[in-house]
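This report describes one protein model for a reader who has not seen it before. Please look over the sequence and the structure first.

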Amino acid sequence: MGQKVNPTGFRIGLTKDWRSRWFGRKSDFGDKLHEDLMIRETVTTSLKEAAISRVTIERFANRVRVAVHSARPGLVIGRKGAEIEKLKTSLSKKTGGKEIFVDIIEVKSPEVDAVLVAQSIAQQIERRVSFRRAMKKALQTAMDFGADGIRIKCGGRL
């Protein structure tokens, strides 16, 4: 069996960018990495219905900038910015009082974004829609919106 290559790391510099942008010494690298994972988990669980595609994190000294790529930015912001303020305070508490900046970036074509297509298929299967119908519909909409191709792999007890 050959050596496996991480597909994200393999494509960095060609078509993808880093998910986290910061520098850490050996002594505090692990803490920052676990903090990044906790931030991502908190954002995705608290904004589950907002169709989150990607969360990127940048760090400067004692500040953390979190960019949330969402297909529904209105749900992330909430009425008069209430949801985003609630998210900032919860993240600040969990990171030990660091200053948190949250940027919301709209995903222009969610029908072509791989993560969002997978999430929509999963939600349809959870609602007991036929998995073949869900996959065929996702394939057709992605191709209609300009995707060159799409591969869907669904496994488990269906």
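## Terms and model

Two residues are in contact when heavy atoms of theirs lie within 4.5 Å. The structure is a predicted model.

## Overall layout

The protein has 158 residues, and buried residues make up 30% of them. Its secondary structure comes to six helices and four strands. Read from the N terminus, the elements follow the order α-β-α-β-β-α-α-β-α-α.

The C-alpha trace spans about 50 × 50 × 30 Å along its principal axes. The accessible surface comes to about 11600 Å², and carbon and sulfur atoms account for 53% of this area. Among contacts with a separation of 6 or more, 52% are between residues 24 or more positions apart.

Arg59 lies in strand 2, which covers residues 52-60. Buried means under 20% relative accessible area; Arg59 has a relative accessibility of 10%, so Arg59 counts as buried. Leaving aside residues up to four places away in sequence, Arg59 touches Arg21, Trp22, Lys32, Glu35, Asp36, Val64 and Lys98.

Two of these neighbours can be described further. With Asp36, Arg59 makes a polar contact from side chain to side chain, at 2.6 Å. With Trp22, the charged end of Arg59 sits over the ring, 5.5 Å from the ring centre.

## The aromatic pair

The structure holds one aromatic pair. Its members are Trp22 and Phe29, whose ring centres are 5.4 Å apart; the planes are at 45°, so the pair is tilted. Phe29 counts as partly exposed because its relative accessibility is 41%.

In soluble globular proteins, nonpolar side chains tend to be buried together. In this model the largest nonpolar core has 17 residues, and those that touch the most other members are Ile39, Val43, Leu47, Ile52 and Val66. Two or more residues of this core come from each of helix 2 (26-46), strand 2, strand 3 (63-70), helix 4 (82-94) and strand 4 (99-106).

Not counting residues up to four places away in sequence, Leu47 touches Ile52, Val76 and Leu87.

Note on methods
Residues are numbered from 1 along each chain as its sequence is written. This is a predicted model: local features need pLDDT of at least 70, side-chain atom pairs count only at pLDDT 80 or more; totals for chains, interfaces and linings use all residues. Side-chain values use heavy atoms; hydrogens and water are left out. Buried means under 20% relative accessible area, exposed over 50%, partly exposed in between (1.4 Å probe, protein chains only). A polar contact is a pair of N or O atoms within 3.5 Å; within protein, one must be able to donate a hydrogen and the other to accept it, and residues adjacent in sequence count only if both atoms are side-chain atoms. Rings of Phe, Tyr and Trp (its six-membered ring) pair if their centres lie within 6.5 Å; planes under 30 degrees apart count as stacked, over 60 as edge-to-face and the rest as tilted. A charge sits over a ring if NZ of Lys or CZ of Arg is within 6 Å of the ring centre and within 35 degrees of the ring normal. A nonpolar core is a set of buried Ala, Val, Leu, Ile, Met, Phe, Trp, Tyr and Cys residues joined through side-chain atoms within 4.5 Å. Accessible areas come from the Shrake-Rupley method with a 1.4 Å probe; for residues, only the protein chains shown count as cover.
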